[in-house]
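Have the model open beside you as you read.

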Amino acid sequence: MTDLDITAPAEQFFSTESREALAEASRKLAERLQAHTEALLAMTGSENHESLDEQNAALEELVADWNDAVFDHTGTTPLLLDETEDPDAEDDTDEDHIISVVSRFDLRVVDLDTLLEAGRAAQERHPAELEEGGEPDPVETAEQAIFEISREVGEAWFELPGIEMLAGARAYVVPETPFDPLDPDAEDITTELSAPNGIPTHAESWA
């Protein structure tokens, strides 16, 4: 319990109004605490976590109200509800907010000439950064054409000239420990293209 706030006039505490407010806050807290306990005891673990979050939020609000009412009546706060952030919490928050997006698209070439023409045009508009004296790779394959178009406009799987998309899928995963982050410098980058250990949150697919 904290000490009495001696900087405030003593007559502002222990008034009829503050006494009634504390009694009302205590009544509401007692009722909510009983309801909260009954709800927790009735849970089996199969419930949606949203219901538990709602129960916790309702109790937390009334605890804060009761704590304020005690201060208004006595000048003391029995519960140190300090919301100051832990200096190490920032790192935890950053890690908790990592999201991995994994996708795959299977494409069929139906008009190679049209695809190559579009790839060459994209390369001319957005040439790759080359070392001094280097030359861009000639666009002679479907893969190179798709690569050049994607460098210019992003993932245009639905609008690639001369291409039919057979199927596509994308998954969003919140990683869990142990989390093995993607290594963009891996010798074989295809080994990195898999969903990490974690909880899938959303998924979408096309066919």
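Predicted model: local features only at pLDDT ≥ 70, side-chain atom pairs only at ≥ 80, totals over all residues.

To find Ile189, look in the loop between strand S2 (163-175) and strand S3 (198-206). Ile189 has a relative accessible area of 37%, so it counts as partly exposed.

Two of these patch residues turn up again at the pocket. The largest pocket holds about 440 Å³ of space. It is lined by 17 residues, and those closest to its centre are Val102, Leu182, Glu192, Leu193 and Ser194. By type, the lining of the largest pocket contains 9 nonpolar, 4 polar and 4 charged residues.

Now step back to the whole chain. It has 5 helices and 3 strands, and read from the N terminus the order is α-α-α-β-α-α-β-β. Of its 207 residues, 22% are buried.

| Salt bridge | N to O distance |
|---|---|
| Glu24 and Arg27 | 2.5 Å |
| Arg27 and Glu31 | 2.9 Å |
| Glu155 and Arg170 | 2.8 Å |

Start with the pair Glu155 and Arg170, whose side chains meet in a salt bridge. This pair links distant parts of the chain, with Glu155 in the loop between helix H5 (142-153) and S2, and Arg170 in strand S2, 15 residues apart. Are the two partners buried or partly exposed? Glu155 is partly exposed, because its relative accessibility is 49%. Arg170 counts as buried, because its relative accessibility is 16%, under the 20% cut-off for that class.

Next comes a set of shared partners: salt bridges join Glu24, Arg27 and Glu31 into one network. Within it, Glu24 and Arg27 both sit in helix H1 (residues 16-42), 3 residues apart, which is about one turn of the helix. Arg27 and Glu31 are 4 residues apart in helix H1, so about one helical turn separates them.

How accessible are the members of this network? Glu24 counts as partly exposed at 32% relative accessibility. Arg27 is also partly exposed, with a relative accessible area of 37%. Glu31, at 45% relative accessibility, counts as partly exposed too.

Note on methods
Residues numbered from 1 in each chain as written. Heavy atoms only, no water. 1 Å grid on protein atoms, 1.4 Å probe; cavity = no way out; pocket = protein on both sides within 12 Å on 5 of 7 lines; lining within 4 Å. Points joined across faces, edges and corners; volume = space filled by probe spheres on them. Nonpolar A, V, L, I, M, F, W, Y, C, P; charged D, E, K, R; others polar. Helix = DSSP H or I, 4+ residues; strand = E, 2+ residues; numbered from the N terminus. Buried < 20%, exposed > 50% of the residue type's maximum accessible area, 1.4 Å probe, protein only. Salt bridge = Lys/Arg side-chain N within 4 Å of Asp/Glu carboxyl O.
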